Amino acid sequence: MGPDAPARALPLVLSLIAGSTDTISFLGLNGLFTAHITGNVVILAAHLITGDPAIVSYVLAVPVFMAVLLLTSLFANELERSGVATLRILLLLQLMLLVGFLMLSVVYAARLDSALAVVTGMIGVAAMAVQTALVQVSLKGTPSTGVMTTNVTHFVVALAELLARSDPDMAEKARKRMSHIFPVIAGFVLGCALGAALEEAWGLRSLALPTALALLAVMLTRVSAPAN
């Protein structure tokens, strides 16, 4: 394994975190998406239009995600101006949030309609917002690890260019793009599958999976080349 292998593995690990966290929170917290904000908007709109009571978590998820994304980006910018590498610090921040998400989810699993359950869900949303920010700030050029629509689109477009075989250089570039995107898509799908299976067996205690993966992500930065 080359010295850059841990750095190459990091997007895969992050996509596993996003897929498993999103699925576990959806199944265990009344349909709350922590990483997929579009899903929360759709569910909220459906509840409002059909006259069903809107769950507070859906209402708060989007502004909380945006606020944490903004604050994390500002924090990362300050670190960069000070000459401090951002990746490991932001991964540690995500790890701390996921630890809190796991602990509170286990404690308040039986009180899903309580205010503390809403706070618990927002900690999960915050963890995924930090991950979204760190991919943009610290892993520039990496496909999104939390939203797959754009990744699938780019993958299929690259596949079409590869199959067209009209230009060898274009085909080679398309092949490289596909190899860059595919691990993230596969990781997210696998994370969703593992999250669903574990949530079915263990309930919200299954958040131990993305928490352990977040710890692995931090460890990967210790053995890889320094990153921003």
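V56 is partly exposed, with a relative accessible area of 46%, where buried denotes under 20% relative accessible area, exposed over 50% and partly exposed the range in between (1.4 Å probe, protein chains only). The structure is a predicted model, in which local features need pLDDT of at least 70 and side-chain atom pairs count only at pLDDT 80 or more, whereas totals for chains, interfaces and linings use all residues. Residues are numbered from 1 along each chain as its sequence is written, and side-chain values use heavy atoms, with hydrogens and water left out.

V56 lies in helix α3, helices being DSSP runs of H or I with at least four residues, numbered from the N terminus. Helix α3 comprises 26 residues (56–81) and reaches 38 Å from its first C-alpha to its last, close to the 38 Å expected at 1.5 Å a residue, the expected span being 1.5 Å times one less than the number of residues. A bend of about 25° occurs in α3 at V62, with the proline P63 following within four residues; the bend is the angle between axes fitted to the seven residues ending at a position and the seven starting there. After α3 comes G83, which has a positive phi near 80°.

The buried residues of α3 are S57, Y58, A61, F65, V68, T72, A76 and L79, and their cover includes α2 (37–50), α4 (87–107) and α5 (115–138).

Within α5 is found G124, which counts as buried at 0% relative accessibility. Leaving aside residues up to four places away in sequence, G124 touches T34 and F101, contact meaning heavy atoms within 4.5 Å. G124 and G39 are separated by 85 residues in sequence and by 15 Å in space, C-alpha to C-alpha.

Definitions and conventions: Helix = DSSP H or I, 4+ residues; strand = E, 2+ residues; numbered from the N terminus.
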